Amino acid sequence: MKKIVIITAVLLNTFLMSCSIQEEDVTISEAYKTENIIVFYTQLDYEIAELINAYRISQGLNTLNILNEATKEAITHNQYMVSQGTPSHDYFFVRSQNLKTTVNALNVSENVAYGYTSAQSVVNAWLNSESHKQNIDNPSFTDFGISSEQDQDGKHYYTNIFVKR
């Protein structure tokens, strides 16, 4: 039993990440820019948004509005993670700065995940991770963007960006 708990903890740390810190200056590829991104939402994206908002209501928090500009950043980041074959918070500072510039965001944070096959499973994983849960529970956030994308092997990547305006 102890071995299963340890393996589960290691897997959660490997597949889940949460970020709200700035990174140093790095050269960013042109492919990572969001100007030409067409915003679209999958059924899975809507289900994740509904689950997060239902959870927030149950905690006495405001619901979050879906913000297309944040979703643009999430879509771009998912495309990047799929191309790299691994979940990450690479270039978070670019996504954060883009939102501060385009929608006057005061605070930006994100949750990413990999490998979950349903909205409920990814939201449960985020809620069972203290750092991810803090982003979901943050009462100052007003908006969010969400994107889920599958790679060529059918594995799902998720980016959920939280914004305070």
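# Close-up views of a predicted model

View 1. The place of Lys-164 is in strand E5. Helices (H or I, at least four residues) and strands (E, at least two) are DSSP runs, numbered from the N terminus. This is a predicted model, in which local features need pLDDT of at least 70, side-chain atom pairs count only at pLDDT 80 or more, and totals for chains, interfaces and linings use all residues. Residues are numbered from 1 along each chain as its sequence is written, and side-chain values use heavy atoms, with hydrogens and water left out. Lys-164 counts as partly exposed because its relative accessibility is 29%. Buried means under 20% relative accessible area, exposed means over 50%, and partly exposed is in between (1.4 Å probe, protein chains only). Leaving aside neighbours within four places in sequence, Lys-164 is in contact with Ala-105, Leu-106, Asn-107, Ser-140, Phe-141 and Thr-142. Contact means heavy atoms within 4.5 Å. From C-alpha to C-alpha, Lys-164 and Asp-143 are 6.5 Å apart in space, while in sequence they are 21 residues apart.

**View 2. The whole protein.** The protein has six helices and five strands. Along the sequence they follow the pattern α-β-α-β-α-α-β-α-α-β-β. Of the 165 residues in the protein, 46% are buried. Among contacts between residues at least 6 apart in sequence, 76% join residues at least 24 apart.

**View 3. The nonpolar cores.** A nonpolar core is a set of buried Ala, Val, Leu, Ile, Met, Phe, Trp, Tyr and Cys residues joined through side-chain atoms within 4.5 Å. The largest one has 21 residues, and those with the most contacts inside it are Ile-48, Ile-52, Val-122, Trp-126, Ile-136 and Tyr-158. Two or more residues of this core come from each of H2, helix H5 (119-127), strand E4 (143-150) and strand E5 (156-164). H5 gives the largest share, six residues. A second, separate core has 10 residues, including Ala-74, Val-103, Ala-105 and Ile-161.

**View 4. Helix H5 and what covers it.** Which residues of H5 are buried? They are Ala-119, Val-122, Val-123, Ala-125, Trp-126 and Leu-127. The cover over these buried residues includes H2, strand E3 (107-114), H6, E4 and E5. An α-helix has 3.6 residues a turn, so residues three or four places apart point the same way.

**View 5. Helix H2 against helix H5.** The axes of H2 and H5 come within 9 Å and cross at roughly 40 degrees. That makes H2 oblique to H5. Axes are lines fitted to C-alpha atoms, for helices over the stretch in contact, and angles run from 0 to 180 degrees between N-to-C directions. Angles under 35 degrees count as roughly parallel, over 145 as roughly antiparallel, 65 to 115 as roughly perpendicular, and the rest as oblique. H2 passes H5 in a right-handed crossing; a crossing is right-handed if the near helix is turned clockwise from the far one by less than a right angle, and left-handed if anticlockwise. On the H2 side, Leu-44, Glu-47, Ile-48, Leu-51, Ile-52 and Tyr-55 meet Ala-119, Gln-120, Val-122, Val-123, Trp-126 and Leu-127 of H5. The residues of this contact divide into 10 nonpolar, one polar and one charged. Ala, Val, Leu, Ile, Met, Phe, Trp, Tyr, Cys and Pro count as nonpolar, Asp, Glu, Lys and Arg as charged, and the others, Gly among them, as polar.

**View 6. Helix H2 against helix H6.** Helix H2 (residues 43-58) and helix H6 (residues 130-137) pack at an angle of about 75 degrees, and their axes are 10 Å apart. The two helices H2 and H6 are therefore roughly perpendicular to each other. Ile-52, Tyr-55 and Arg-56 of H2 make the contact with Lys-133, Ile-136 and Asp-137 of H6. By class, the contact of H2 with H6 has three nonpolar, no polar and three charged residues.

**View 7. Helices H3 and H4.** Helix H3 (residues 68-84) packs against H4 at an angle of about 160 degrees, with axes 10 Å apart. H3 and H4 are therefore roughly antiparallel to each other. Glu-69, Ala-70, Glu-73 and His-77 of H3 meet Arg-95, Asn-98, Leu-99 and Thr-102 of H4. This contact has two nonpolar, three polar and three charged residues.

View 8. Tyr-91 lies in the loop between H3 and H4, and Asn-104 is found in the loop between H4 and E3. Tyr-91 is not a glycine, yet has a positive phi of about 65 degrees. Asn-104, also not a glycine, has a positive phi of about 60 degrees. Tyr-91 is buried, with a relative accessible area of 19%, whereas Asn-104 is exposed, at 57%.
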